Amino acid sequence: MMTLETQSFKSFSGSPKSSNLPWDLLPNTHELITLADERSDDYQANQPFAHIVLDNFLNTTAARTLANCFPKPEEDFWVRTHISDEIKSASAVESVFPSPIRSVLYGLNSGPMLQFLERLTGISGYIVTGK
């Protein structure tokens, strides 16, 4: 089984001295290791296909912070598409997102999070290495 290095997401989510962001937006690496180990069997056993629901993955403060700064549907921030029966709002420009949301997006795409997913799912190759 792969091991995760002990590091935290503090570089993504700030600290009390360096940012006005909450410094616990995402679980730290130790919490992710524990969660993956505790829930990997549940992931594998769920039907009709392998999946997982992680209640309280974000703490209440983080969830409220993100909800409060998330752009409203009517804001010009969004690029809107209407194709057939799909109506979507999206943004491909991450720099326009508020800082807390960017921090979480970066954290969810970080090496420790990808390692967490590999450990949780048993599927390797989330992290592509090569020349």
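## Ground rules

Because the model is predicted, local features need pLDDT of at least 70 and side-chain atom pairs count only at pLDDT 80 or more, while totals for chains, interfaces and linings use all residues. Residues are numbered from 1 along each chain as its sequence is written, and side-chain values use heavy atoms, with hydrogens and water left out.

## The overall layout

Let's start with the parts list. The protein has 5 helices and 2 strands, and from the N terminus on they run α-α-α-β-β-α-α. Helices here are DSSP runs of H or I with at least four residues, strands are runs of E with at least two, and both are numbered from the N terminus.

How much of the protein is buried? Of its 131 residues, 27% count as buried. Buried means under 20% relative accessible area, exposed means over 50%, and partly exposed is in between (1.4 Å probe, protein chains only).

## How the helices pack

Two packed helices are described by the angle between their axes and the distance between the axes. Take α2 (residues 29-45) and α5 (residues 111-121): their axes come within 7 Å and cross at roughly 30°. That makes α2 roughly parallel to α5, and their crossing is right-handed. The axes are lines fitted to C-alpha atoms, for helices over the stretch in contact, and angles run from 0 to 180 degrees between N-to-C directions. Angles under 35 degrees count as roughly parallel, over 145 as roughly antiparallel, 65 to 115 as roughly perpendicular, and the rest as oblique.

Now for α3 and α4. Their axes come within 8 Å and cross at roughly 120°, which makes α3 oblique to α4. This crossing of α3 and α4 is left-handed. A crossing gets that label if the near helix is turned anticlockwise from the far one by less than a right angle, and is right-handed if clockwise.

## A closer look at α4

Which residues of α4 (residues 99-108) are buried? They are Pro100, Ile101, Ser103, Val104 and Gly107. Seen down the axis of α4, these buried residues fall within an arc of 160°, so they line one face of the helix. The arc is that of the directions from the helix axis to the C-beta atoms.

Leu108 also belongs to α4, but counts as partly exposed because its relative accessibility is 36%. The C-alpha atoms of Leu108 and Leu26 are separated by 8.3 Å, though the two residues are 82 apart along the chain.

## The nonpolar cores

A nonpolar core is a set of buried Ala, Val, Leu, Ile, Met, Phe, Trp, Tyr and Cys residues joined through side-chain atoms within 4.5 Å. The largest one has 9 residues: Leu25, Leu26, Ala62, Leu66, Phe77, Trp78, Phe97, Ile101 and Val104. Helices α3 (60-69) and α4 are the elements that give two or more residues to this core.

## Aromatic rings

Rings of Phe, Tyr and Trp (its six-membered ring) pair if their centres lie within 6.5 Å; planes under 30 degrees apart count as stacked, over 60 as edge-to-face and the rest as tilted. The count comes to 5 aromatic pairs. One of them is Phe77 with Phe97, which is edge-to-face at 4.9 Å centre to centre and 75° between the planes. Phe77 sits in the loop between α3 and β1 (79-83), and Phe97 in the loop between β2 (86-90) and α4, so this pair links distant parts of the chain, 20 residues apart. Phe77 is buried, with a relative accessible area of 19%, and Phe97 is buried at 10%.

Trp78 and Phe97 pair up too, again edge-to-face, with 6.3 Å centre to centre and 75° between the planes. Trp78 lies in the loop between α3 and β1 and Phe97 in the loop between β2 and α4, so the pair ties together parts that are 19 residues apart in sequence. Ring pairs link Phe70, Phe77, Trp78 and Phe97 into a cluster.

Most residues other than glycine have a negative phi, and most peptide bonds are trans. A cis peptide bond joins Gln47 and Pro48, with omega about 10°; Pro48 lies in the loop between α2 and α3.

Asn56 is in the loop between α2 and α3, and its phi is positive, near 60°. Asn56 is exposed, with a relative accessible area of 70%. Over in the loop between β1 and β2, Ser84 has a positive phi of about 55° and counts as exposed at 67% relative accessibility.
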